[in-house]
Structure formats: C-alpha cells, structure tokens
Amino acid sequence: MLRRHLIALGLACGVAPLAAQPGWPSQTVRLVVPTGPGSSLDLIARLLNERLAARWGQPVVVENRPGAGGMLGVDVAAKSTDGHTVAIGFNGPVANAPFLYRKTPYDPARDLRPIVMTTSQANVLAVNAEKVPARTVAEFAAWLKAQAGKANYSSLGNGSSAHLTMELFLAEAGAQATHVPFNGSPPAALAVAQGEAHATFMVAPALLPHVQSGKVRLLAVSSRQRLDALKDVPTLAESGFAAVESLAWNGLVGPASLPDAVVAKINADVNTLLASDEVRTALARQGMTVVGGSAADFKRVIDGDVARWGPVIRRLGVTLD
C-alpha cells in the first residue's frame with residue numbers, strides 16, 4: 001500500500017518512479033576520436049565500440065574529428081548536451097592545452113568530466129634509418145647539435161605528449177629542431193619513414209610497421225622501465241637522459257553535465273571490457289598497457305599531469321596559437 005501510494009504521489013507531481021525511468025543509453029552513443037583513423041586512440045575506440053554496443057543495446061558510432069592538437073574532437077564532447085556523446089581524450093587537449101594556448105574552446109577542469117582511463121603508453125624515440133646515422137640516444141643528441149637547428153621532428157599534434165617530450169629532450173640535450181605537427185600518429189610516423197621528418201617521439205603502434213620495413217629505427221622509450229614488447233630498446237634514463245620521462249595516456253571524457261549514473265555505467269562497462277583477455281591481448285599486441293580504474297583515479301592522473309607538465313611548459317617557453 002505504501003509503495004503504491006508513493007508511486008501515485010510521484011506521478012501526481014510529474015515525477016516518474018525510478019523503475020519507470022528510461023535506461024541509458026536510450027539512443028546512439030557517439031564516441032569522438034580527436035585523431036585520425038589508424039591512430040592508437042582510433043584503435044582503442046574501434047576495439048571498444050562494438051563490444052559496448054552489444055552490452056548497451058544501442059549503436060556506438062566512432063567519429064574521427066582530428067585537428068587543433070586534439071581540441072577539436074574533445075570540444076565536441078565538452079559542448080555536447082545530448083547525454084550520449086563522449087570523447088577519448090589524451091594528455092594534450094585534456095591536461096596541457098591551458099598552458100600552451102592563450103585561448104582554448106573549453107576549460108578542461110570546468111567543462112570536462114573524466115570517466116575512465118583506458119591505456120597508458122611510453123613514448124618511443126624514433127629516427128629515420130637512412131637520414132639519421134645515430135644508433136644510440138647519445139649519438140642522436142650529438143647529431144642534432146651538428147645539424148645546428150636544421151633538423152626537424154614530427155608529432156601527432158601541438159601540445160601532445162609527443163610534442164612536449166621532444167621539447168624536453170631537446171632542452172636536456174642542448175639542441176634545436178623544428179616541430180612539424182600532424183593530425184595523429186599515422187601521418188607523423190609516415191613522415192619519419194619517408195624522411196620528411198628526421199625523428200619523432202610517439203607511442204609504438206604507428207611506428208612498428210615502419211620499423212619492420214627497416215625505414216625507422218627505435219632508440220629509446222620514455223618510461224622508467226623497458227617495455228615488454230620492446231625489450232631491446234633502452235630507456236632514456238639508461239641512455240643518460242633521466243629527466244626526460246613521460247607517458248602518453250588516454251581515456252574517456254564527457255561533458256561536465258554528464259550524470260553520475262551515466263559516468264558510473266560507462267566506467268563499469270569499459271573496465272569489464274578492459275579486463276577481458278581478448279581486449280587486453282589486442283591492446284598489448286599494439287604496445288599499449290591497460291589501466292582502467294575509477295573516474296576518480298583518472299582525475300588524479302590528469303591533475304598529476306597538470307601539476308607536473310604545467311611548470312615544464314612554462315620553463316620551456318612552449319606557446320601555441
């Protein structure tokens with residue numbers, strides 16, 4: 001009797017009882033990737049989308065929106081109001097952008113809501129095997145100095161972890177090189193393979209085909225430990241550049257208005273998929289380390305990067321229009 005009375009009272013007040021509220025998602029979910037097809041972010045999104053669609057009973061559409069160092073795609077999620085749009089963000093547009101640009105289309109701290117971290121990867125220092133004779137990091141640093149500023153390097157976008165890691169390396173090496181940004185890792189890796197760029201720092205997946213073809217040489221990884229998939233590649237610390245350490249992370253973010261229940265559901269379902277052997281194996285094959293965890297865990301990673309890289313960006317004087 002009491003339950004029926006409460007339901008009737010709720011309907012009389014225009015409030016549907018909890019059991020009658022429509023479930024989420026109630027329409028197609030849009031997963032925006034702020035880099036191009038074939039990038040590591042795109043690989044993660046396409047590994048998850050069909051599996052999430054099967055769990056949710058609604059299509060999950062991957063939409064590539066590269067540009068502006070990843071801000072173009074992340075901005076779509078930041079400004080979305082349909083409750084069904086999220087983006088897979090990374091260091092640049094989620095943590096570093098406010099330190100790099102005089103004006104950004106959104107405030108990451110105010111307008112974005114961290115949902116779940118997906119993977120974290122070390123950046124790999126790679127060089128064109130024909131144009132750059134260096135086979136060690138020390139030799140590469142010496143070669144850069146000898147070029148007297150004529151060398152260049154590619155990155156997957158302004159403000160990305162790839163961009164900032166190279167700038168930090170150049171500062172530590174006492175060398176200079178021109179930055180050439182691309183929209184995502186595949187074209188940035190191809191530029192090195194074709195000799196349009198001399199070097200790059202980026203995650204391994206886009207580089208590996210060019211390493212196998214002999215056009216690109218890997219010199220070091222930016223993590224504290226060597227990567228299981230690249231056991232023969234030393235760390236930068238082993239190579240004499242301990243101050244140059246970075247991780248390229250990524251994860252799902254949505255607008256700040258995204259309800260707690262929706263955040264919790266996406267987080268739980270993505271964590272379930274990330275824990276499956278099938279997904280973990282597929283990501284490990286691409287040199288990616290699964291992270292997962294709570295939304296609060298992801299926020300702590302973002303806040304940690306803001307605290308660490310903000311001062312570095314200011315010290316290096318890296319500014320973008």
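Where does threonine 35 lie? I found threonine 35 in the loop between S1 and helix H2 (40-56), where helices (H or I, at least four residues) and strands (E, at least two) are DSSP runs numbered from the N terminus.

Before going on, I noted that this is a predicted model, in which local features need pLDDT of at least 70 and side-chain atom pairs count only at pLDDT 80 or more, while totals for chains, interfaces and linings use all residues. Residues are numbered from 1 along each chain as its sequence is written, and side-chain values use heavy atoms, with hydrogens and water left out.

Apart from its neighbours within four places in sequence, threonine 35 is in contact with Leu41, Asp42, Asn64, Arg65, Pro66, Phe90 and Gly184, contact being heavy atoms within 4.5 Å.

Strand S1 (residues 29-33) is mostly covered, since I read that 4 of its 5 residues are buried. S1 pairs with strand S2 (residues 60-64) in the parallel sense over 5 bridges, and two strands pair if DSSP finds at least two bridges between them. Within this pairing, leucine 31 has valine 62 in S2 as its bridge partner.

**Entry on the open sheet**

I then traced an open sheet of 5 strands, with mixed pairing and the order S7-S6-S8-S5-S9. Its edge strands, each pairing on one side only, are strand S7 (178-181) and strand S9 (216-221). Strand S6 (residues 152-155) runs parallel to S7 and is joined to S7 by 4 bridges, with serine 154 opposite valine 180 in S7.

**Entry on two helices**

How do the axes of helix H7 (residues 161-173) and helix H12 (residues 295-316) cross? I noted that they come within 11 Å and cross at roughly 55°, where axes are lines fitted to C-alpha atoms, for helices over the stretch in contact, and angles run from 0 to 180 degrees between N-to-C directions. H7 is therefore oblique to H12, as angles under 35 degrees count as roughly parallel, over 145 as roughly antiparallel, 65 to 115 as roughly perpendicular and the rest as oblique.

On the H7 side I listed Leu164, Glu167, Leu168 and Ala171, which meet Trp309, Val312, Ile313, Arg315 and Leu316 in H12.

How values were computed:
Buried < 20%, exposed > 50% of the residue type's maximum accessible area, 1.4 Å probe, protein only.
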